Amino acid sequence: MRPSQSSVFTFLLIAGTVVASSSLGFAQATASSDAPGSPQTFKLIPSLDKELLDAAADPCVDFYQYACGNWSKLHPIPNDSPYSDQFYNLDQYNRQVLHGILDKAAVAGSVRDANTQKIGDYYAACMDEAAIQQKGLAALQPELDRINALSSKGQLPESLAHFQMINVNAFLGFGSQQDFKDATREIAAVSQAGLGLPEKDYYLRTGAKDEEIRKQYVQHIANMLKLLGSSEAQAATEAQAVMKLETSLAKVSLDITSQRDPHNIYHLMPNGGLQSLTPGFNWEHFYPATGSPAFSEINVAEPEFFKGMNQVIADTDLATIKSYLRWQLVTSLPGTVLPKALDEERFDFGGRKLAGVPEQEPRWKRCVASTDGAIGEALGKAYVEQQFPASSKATTLQMIHDIEAAVNQDIESLDWMSAETKKRAEEKLHLIANKIGYPNKWRDYSKLNIERGDALGNALRATEFESHRQLDKIGKPVDRDEWGMTPPTVNAYYNDSMNDINFPAGVLQPAFFDAAAPTGLNYGHIGLFMGHEITHGFDDEGRQFDGHGNLTDWWTKEDADKFTEKAACIVNEYSQFSVGDTKINGKLTLGENTADNGGMRLAYMAFLARAAQQGLDLDKKTADGYTPIQEVFVGFAQNWCAVWRPELERLVATTDPHSPDRFRANGVLVNMPEFAKAFSCKKGQPMVAAKACRVW
Ligand SMILES: [Zn+2]
């Protein structure tokens, strides 16, 4: 149900998003129980954590090592996680807070308002392992029967439409999106989908490790189908056939780097245009079965994919398509609503084998995450009331205004940009909407029925409710108040079509933001994130949209060429970095690297302006032993303190648009003479680039 909007949403980080949304369920990874033993408690980390510093490291040789050298010792990767970093630590802390809220909300018989009943009963149903186990596959039977009843490929459109609504993205994704070229309206959209592995590359890459992952994947499909009732031999044959089908879809899918160019995923056409790409698939049977409003044109994100999909369906026998649907159905569901054997098998592949995670998360953690995923604004409202005072909103909003003032100053100072383009850039800047903490208007869940004791039903109803909400937008004006992240989320994003930056309350917490911390630390931490998101509006992708969110070219040819030349410096710089034997893809990570570099410059400039207003003495060391300017850089670098399992590193190395943490820190600082000056680094030392890159 989610059309590919990867090109318009740029997130601050991926580990959280990949992990939370992976259909392979690594973070919804599975759980034994609330077993006693070593329940780990997470605490907020201070804005400047001196314990993390590696005093033996030379800041001019490897600043990341200097700022974060003790991270892995002090915050080793827990057994139930693929990584440990600042974002993870805060996410775990927030989950503890949400756990407290949900435990209270789940007390049956108490007087509860409508939202509290929903979050409490959703959570309670999820925690009720015994009921889930007792129902077994019976709860899933109506969906399986629907697949069994398919007697011809002609019935496929109606069937896929039904599955779309419960988030089974077999073959394709269908939904609504903001029109790239007319940001005031919502249109229908279809996009490529249907792969069980994270991206097309996983099906096609050569090399022993990739072969092994594919072998394990086929075995995983077979195991799941067996648990759904196929015999051992039958399941093995079916799994091979499903893999062949998915590989054919992968071959006709658009790769992730090409998806970053919005022109590559925008092909608005009359409904008949899509129909002629797929003569074997009757869309007039598909649309009404989703319950979508009528429409006459649709964005076909990847036309070549749909031509290919038509062929794949034609070339595949019905029995294989039915196996594929069974597999897609079961892998789309959160592990928490499945009987134990299926849940355990999901974790074994998605958690243990793919991400190298030895143990399942305790059930409460997974149920907190799935409640947030299903009815996040109901839960988020309670979270905000408890964790996000009005004063935090006021202070962080003021910081954003400081950063925006810095952007203005920065644009003015650019020697490579013409006055004409500068004027347009400033117009865009002034139109950015700042969304802080939580939505102005909370989502209405009153029509969604949540029942205690019905975990699977709750999950399906919540998904269907959200799918309808998305589809109902088609043909309507855009709701600019909407948020794409729930309030407790530890992440942030910029949306090209909305031209807005979004900072959920969950990320506006220590270490990233602390009202009591010195100014320099807050600007190095959350100030950087703010600068980062704003810069996305001006990176290689964002710069193609104007201030109203329309895909339109507002650059003079000469300025656009100069931008590309400046950006090439960043592509080259980051292409030199590698993780293990995998080189960073400088083109895929260009947008994020541009945002990191621009964001840090903006945070630094905004800090100077704020410090001047506060009358801070920039030469005087604070109680930390650092000057305020040094604090900006140490705070910045400590954002990225992290340790990942090699399996996760490898898993996302070629698909993550963000660079690995060490380079997110050092890759930026080497380009800043201001950093070199603050730590007395000399030309020729590793932390000073021979040729510094600067776009913004
Ligand atoms: Zn970003």
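These questions and answers look at the disulfides in a predicted model.

Me: How many disulfides does the chain have?
Reply: A disulfide is a covalent bond between the sulfur atoms of two cysteines. Here a pair counts when its sulfur atoms lie within 2.5 Å. By this rule, the count of disulfides is 4.

Me: Which residue does Cys68 join in a disulfide?
Reply: Look for a sulfur within 2.5 Å of the sulfur of Cys68. The S to S distance in this disulfide is 2.1 Å. The partner of Cys68 is Cys641.

Me: How many residues apart in sequence are the parts that Cys68 and Cys641 tie together?
Reply: Cys68 lies in helix 2, residues 63-68. Cys641 sits in the loop between helix 24 (628-638) and strand 12 (642-644). So the pair ties together parts whose separation in sequence is 573 residues.

Me: Is the link of Cys68 and Cys641 left-handed or right-handed?
Reply: Check the angle about the S-S bond. For Cys68 and Cys641 it is -80°. With that value, the link is left-handed.

Me: Is Cys68 buried or exposed, and which is Cys641?
Reply: Buried means under 20% relative accessible area. Cys68 has 5%, so Cys68 is buried. Cys641 has 0% relative accessibility, so Cys641 also counts as buried.

Me: Which helix holds Cys367, the partner of Cys126?
Reply: A disulfide joins Cys126 to Cys367, with S to S at 2.1 Å. The pair links distant parts of the chain, 241 residues apart. Cys126 is in helix 5 (residues 114-127), and Cys367 is in helix 17 (residues 363-387).

Me: Where does Cys693 lie?
Reply: Cys693 is joined to Cys569 by a disulfide, S to S 2.0 Å. Cys569 lies in helix 22, residues 557-575. The pair ties together parts 124 residues apart in sequence, because Cys693 lies in the segment after helix 27 (673-678).

Me: Why is the disulfide of Cys569 and Cys693 left-handed?
Reply: Both Cys569 and Cys693 are buried. The handedness comes from the torsion about their S-S bond. The disulfide is left-handed because that torsion is about -80°.

Me: What pattern do the disulfides of the chain follow?
Reply: Count the bonded cysteines along the chain. Then write each disulfide as a pair of those counts. The pattern is 1-7, 2-6, 3-4, 5-8.

Terms used. Residues numbered from 1 in each chain as written. Predicted model: local features only at pLDDT ≥ 70, side-chain atom pairs only at ≥ 80, totals over all residues. Heavy atoms only, no water. Helix = DSSP H or I, 4+ residues; strand = E, 2+ residues; numbered from the N terminus. Buried < 20%, exposed > 50% of the residue type's maximum accessible area, 1.4 Å probe, protein only.
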